[in-house]
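Please set out the fold of this protein chain in a short report. Cover the strands, the helix packing and the backbone details.

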Amino acid sequence: MLTLVILIASSVAQAQYPLGLQYLPSGAPPHGPPVGSRTQLSPSQAMLDAHNAVRARVGVPPLVWSAQLADVAQDWANELIPTGALSHRPNNRYGENIYAIAGGHAAPAEVVGSWANEARAYDIRSNTCSGVCGHYTQIVWGKTRAVGCAVARNRQREIWVCNYDPPGNVIGFRPY
């Protein structure tokens, strides 16, 4: 199977599976429960945990989940999926990361992991990027306090959208 992954970042068809529900895409590996727990993480908790694990590596405070931001993200994902478009919401007051995959399904840890892998392109000393790193810097933006994410899918692709408040990637400032 050929899988294509496309990412875009900045400073919400068929979307039957909002992240607040217990759902794992078919073929996706299940997330193991926390040690000592017998319950499976919800996708929203898995997404939040993945974000906070990346933030912990650089010593910035953990994010909290925002249902309001998740609703904004769901609206935009729903807009993108039937059109085939891949762009940021115009005049968005929130930070936004977008992940698209064609020919497969992604799990929350894969989505955040893909963005986090951009850390290799970011140089904190000079606050510069050698390639793409805006998804990563949005995740670790120290002043960001809340995140909400959603996914929409059809037979051809999946679109994941996360919104961040306050937004990061402010020109002239360092993420942490």
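**Basis and layout**

This is a predicted model, in which local features need pLDDT of at least 70, side-chain atom pairs count only at pLDDT 80 or more, and totals for chains, interfaces and linings use all residues. Residues are numbered from 1 along each chain as its sequence is written, and side-chain values use heavy atoms, with hydrogens and water left out.

The protein chain holds four helices and seven strands. Helices (H or I, at least four residues) and strands (E, at least two) are DSSP runs, numbered from the N terminus. Their order from the N terminus is β-α-β-α-β-α-β-β-α-β-β. Of the 176 residues, 45% count as buried; buried means under 20% relative accessible area, exposed over 50% and partly exposed in between, with a 1.4 Å probe and protein chains only.

**Strands**

Strand β6 (residues 146–153) has eight of its eight residues buried, so it is largely enclosed by the rest of the structure.

| Strand pair | Bridges | Direction |
|---|---|---|
| β2 (residues 64–65) and β6 | Two bridges | parallel |
| β3 and β7 (residues 157–165) | Eight bridges | antiparallel |
| β6 and β7 | Eight bridges | antiparallel |

W65 has V147 in β6 as its bridge partner, and A102 is bridged to R157 in β7. V151 stands opposite W160 in β7. With three residues between them, β6 and β7 form a hairpin.

**Packing of α1 and α3**

Two packed helices are described by the angle between their axes and the distance between the axes. Helix α1 (residues 43–57) and helix α3 (residues 108–116) pack at about 25 degrees, with axes 8 Å apart. Axes are lines fitted to C-alpha atoms, for helices over the stretch in contact, and angles run from 0 to 180 degrees between N-to-C directions. The two helices are therefore roughly parallel; angles under 35 degrees count as roughly parallel, over 145 as roughly antiparallel, 65 to 115 as roughly perpendicular and the rest as oblique.

In this contact (heavy atoms within 4.5 Å), P43, A46, M47, A50, H51 and V54 of α1 meet P108, A109, V111, V112, W115 and A116 of α3. By class, the contact has eleven nonpolar, one polar and no charged residues. Ala, Val, Leu, Ile, Met, Phe, Trp, Tyr, Cys and Pro count as nonpolar, Asp, Glu, Lys and Arg as charged, and the others, Gly among them, as polar.

**Single residues**

N91 lies in the loop between α2 (67–83) and β3, and its phi is near 55 degrees, a positive value in a residue other than glycine. N91 is exposed at 83% relative accessibility. N169 also has a positive phi near 55 degrees, but this residue is in the segment after β7 and is buried at 18% relative accessibility.

P166 is found in the segment after β7. A cis peptide bond, with omega about -10 degrees, joins D165 to P166.

R125 sits in the loop between β4 (122–123) and β5 (128–129) and is exposed, with a relative accessible area of 72%. R125 and R174 are 49 residues apart along the chain, and their C-alpha atoms are separated by 9.5 Å.

Conventions
Pairing = 2+ DSSP bridges.
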